[in-house]
Amino acid sequence: MPTTTRQWLLNGHPRGRGIQDGDFKLVETELADPGDGEMLLKTHYLGFDPAQKGWMENIADYVAPMNIGDVMRGSGICEVVESNNGKFAEGEMVFGTTGWREYLVTDGEGLTRVETELSPTAVLSVLGTTGLTAYCGLFKVGKPVAGDTVLVSGAAGATGSVVGQLAKIAGCRAVGIAGGPEKCKWLVEEAGYDAAIDYKAGGVKEQIKEHCPRGVDVIYDNVGGTILNDMLGRIATGARVVICGGISRYETGQLPAGPENYFNLVFRRASMAGFIVLDWAGEFPAIRKRLEGFVKDGRLTYQEDIQHGFENAPDTLQRLFSGQNRGKQMLKL
């Protein structure tokens with residue numbers, strides 16, 4: 001059994017700037033033997049989300065703040081190497097918030113057994129926070145009905161790509177906004193979007209008007225900033241605007257400014273609401289089964305971008321903010 005483990009610690013708060021190498025510190029620490037009710041886990045995969053930068057900045061106030069010297073917070077898939085825990089047996093795979101570490105001793109609180117007929121990595125992607133966020137944001141907040149036009153920003157991301165496909169399953173027209181012709185092509189040809197808007201090509205307002213001639217019934221926003229402004233300009237009467245994320249703010253390190261044309265919500269008698277997916281945690285097992293069913297019957301596809309090597313964890317997180325990732329960003333240890 002291992003007696004030490006490597007782990008990444010938070011070494012800087014990247015407020016007002018991008019993530020830098022000095023924001024993390026790789027250390028080796030002693031590993032205690034699992035006590036009564038505890039187990040030793042070996043991490044096989046780590047999952048990465050844009051929200052992690054907010055945690056590093058202490059801006060995300062729905063989770064406990066991170067202090068310098070804390071183990072970097074993140075999700076993982078682990079193997080139970082040794083168990084004094086009656087819930088999980090040796091050899092089983094579990095997932096949940098594990099932090100950036102190769103081995104850990106835990107009582108298993110908050111961890112879930114990996115139970116899927118898909119690849120085990122699916123529990124961090126389409127069946128994990130990514131898929132759950134897409135599902136809850138769209139159906140619990142956006143409340144689409146057949147025939148609606150659903151417009152998604154950050155549509156080629158791990159969450160956005162699932163949103164559009166779920167909208168299609170619900171009988172809606174799905175239009176996605178993404179960066180670059182390659183991502184837009186994937187949205188239409190693989191993810192089944194009806195149309196894709198390349199924001200890097202400019203003229204986003206005009207492109208939205210072209211592809212959403214009757215207006216937008218549901219906005220699912222992962223970006224914020226000027227993209228949200230452009231989307232709000234085309235909402236239909238009674239539209240629902242779902243605020244999931246604001247990845248544009250990570251370029252400035254500050255919370256995004258309020259939308260300039262928010263008063264269109266009044267003109268169109270529309271609503272705008274944010275959400276935290278944890279509010280529906282009690283429904284996660286049922287939602288996971290539904291999502292897995294969509295994948296197995298061919299109605300839902302997903303991408304996983306898997307990098308390699310524990311020492312590359314900081315660079316892997318940075319891929320989310322440079323547009324390099326294709327689908328759910330993960331790291332195989």
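Tutor: Two strands are said to pair if DSSP finds at least two bridges between them. Please keep in mind that the model is predicted.

Student: In which sense do strand 3 and strand 6 pair?

Tutor: The criterion is at least two bridges. Strand 3 (residues 39–48) and strand 6 are joined over four bridges, and Lys42 has Tyr103 of strand 6 as its bridge partner. The sense of the pairing between strand 3 and strand 6 is antiparallel.

Student: Which are the edge strands of the open sheet of six strands?

Tutor: The strand order in this sheet is 10-9-8-11-12-13, with parallel pairing. Neighbouring strands are turned by 15° against each other on average, direction ignored. An edge strand pairs on one side only, and this applies to strand 10 (195–198) and strand 13 (271–274).

Student: How many bridges join strand 12 to strand 13?

Tutor: Strand 12 (residues 235–243) and strand 13 run parallel. Val242 stands opposite Ala273 of strand 13. The number of bridges that join strand 12 to strand 13 is four.

Student: What angle does the direction of helix 5 make with that of strand 10?

Tutor: Two helices that pack on the sheet may be described in turn. Helix 2 (residues 129–142) touches strand 8 (149–153), strand 11 (216–221), strand 12 and strand 13, and its direction makes about 145° with that of strand 11. Helix 5 touches strand 8, strand 9 (173–178) and strand 10. The direction of helix 5 makes an angle with that of strand 10 of about 170°.

Student: What is the handedness of the crossing of helix 5 and helix 6?

Tutor: The axes of helix 5 (residues 204–211) and helix 6 (residues 225–232) come within 9 Å and cross at roughly 40°. Val204, Lys205 and Ile208 of helix 5 make the contact with Ile227, Asp230 and Met231 of helix 6. By class, four of these residues are nonpolar, none is polar and two are charged. The crossing of helix 5 and helix 6 is right-handed.

Student: Is Thr130 buried or exposed?

Tutor: Thr130 lies in helix 2. Beyond its neighbours within four places in sequence, Thr130 is in contact with Asp49, Leu124, Ser125, Ala158, Thr159 and Lys328. Because its relative accessibility is 3%, Thr130 counts as buried.

Student: How many disulfides are counted?

Tutor: A disulfide requires two cysteine sulfur atoms within 2.5 Å. For Cys136, the nearest cysteine sulfur is that of Cys244, 10 Å away. The closest cysteine sulfur to that of Cys212 is in Cys172, and at 12 Å it is too far for a bond. The count of disulfides is zero.

Student: Which residue just after helix 9 takes a positive phi?

Tutor: The buried residues of helix 9 (residues 313–322) are Ala313, Pro314, Thr316, Leu317, Arg319 and Leu320. They pack against several elements, including helix 1 (51–57) and strand 14 (304–308). Just after helix 9, a positive phi of about 75° is taken by Gly323.

Terms used:
Residues are numbered from 1 along each chain as its sequence is written. This is a predicted model: local features need pLDDT of at least 70, side-chain atom pairs count only at pLDDT 80 or more; totals for chains, interfaces and linings use all residues. Side-chain values use heavy atoms; hydrogens and water are left out. Axes are lines fitted to C-alpha atoms, for helices over the stretch in contact, and angles run from 0 to 180 degrees between N-to-C directions. A crossing is left-handed if the near helix is turned anticlockwise from the far one by less than a right angle, and right-handed if clockwise. Contact means heavy atoms within 4.5 Å. Ala, Val, Leu, Ile, Met, Phe, Trp, Tyr, Cys and Pro count as nonpolar, Asp, Glu, Lys and Arg as charged, and the others, Gly among them, as polar. Buried means under 20% relative accessible area, exposed over 50%, partly exposed in between (1.4 Å probe, protein chains only).
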